[in-house]
Amino acid sequence: MSSRRSRITEEEINELISKLQSILPESRRRGTSRASASKLLKETCNYIKSLHREVDDLSDRLSDLLATMDTNSAHAEIVRSLLRS
């Protein structure tokens, strides 16, 4: 095994920060102003947490819907086919 660590360059870090900034909703609204790397990483973590909450909520809603649905109905079959995709 090599004892050398792979190092990321400052240019690569700036490129990754720029990519993160372009996909975060809050960053896109701010426009071209550059956020600090630590602030951007905090925003990223908060955004991921919010996405997890949305997925959990949608999962709960889907479970509720499936629990009240006639399992032999056409709607139930559509939902099942969507879940298989």
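I began with Glu77, which I find partly exposed, its relative accessible area being 36%. Salt bridges with shared partners tie Glu77 to Arg80 and Arg84 in one network. The model I am reading is a predicted one, and I keep that in mind for every entry below.

**Entry 1, the bridge at Arg84.** I looked up the contact between Arg84 and Glu77 and found a salt bridge whose closest N and O atoms lie 3.0 Å apart. Arg84 has a relative accessible area of 60% and is exposed, whereas Glu77, at 36%, is partly exposed.

How many salt bridges does a search of the whole structure find? I note four of them. As background, I recall that side chains of opposite charge can pair when their charged atoms come close.

I next turned to helix α3, which spans residues 37–68. Here Asp57 makes a salt bridge with Arg61, and the closest N and O atoms of the pair are 3.8 Å apart, which falls inside the limit of 4 Å for a salt bridge. The two residues are four apart in α3, a separation of about one helical turn. Is Arg61 buried or exposed? I find Arg61 exposed, at 53% relative accessibility, while Asp57 is partly exposed at 40%; the cut-off for exposed is over 50%.

The salt bridge between Glu15 and Lys19 has its closest N and O atoms 3.4 Å apart. Both partners are partly exposed, Glu15 with a relative accessibility of 43% and Lys19 with a relative accessible area of 48%.

I then checked the span of α1, whose 14 residues reach 20 Å from the first C-alpha to the last, close to the 20 Å expected at 1.5 Å a residue. Which residues of α1 are buried? I list Ile17, Leu20 and Gln21. Looking down the axis of α1, I see that its buried residues fall within an arc of 100°, so they line one face of the helix. Glu11 and Ile23 are exposed on the other side of α1.

On the surface I found a nonpolar patch made of Ile8, Ile13 and Leu16, which together have about 260 Å² of accessible area. Ile8 sits in the segment before α1 and is partly exposed, with 47% relative accessibility.

I closed with the totals. The chain has four helices and zero strands, and its elements run α-α-α-α from the N terminus on. Of its 85 residues, 16% count as buried. Among contacts in the chain with a separation of 6 or more, I note that 3% are between residues 24 or more positions apart. The accessible surface of the chain comes to about 7,500 Å², and carbon and sulfur atoms account for 55% of this area.

Technical notes: Residues numbered from 1 in each chain as written. Predicted model: local features only at pLDDT ≥ 70, side-chain atom pairs only at ≥ 80, totals over all residues. Heavy atoms only, no water. Salt bridge = Lys/Arg side-chain N within 4 Å of Asp/Glu carboxyl O. Buried < 20%, exposed > 50% of the residue type's maximum accessible area, 1.4 Å probe, protein only. Expected span 1.5 Å × (residues − 1). Arc of directions from axis to C-beta. Contact = heavy atoms within 4.5 Å. Areas by Shrake-Rupley, 256 points an atom, 1.4 Å probe, with all protein chains shown as cover. Patch = residues over 30% accessible without salt bridge, like charges linked within 9 Å, V, L, I, M, F, W, Y side chains within 5 Å.
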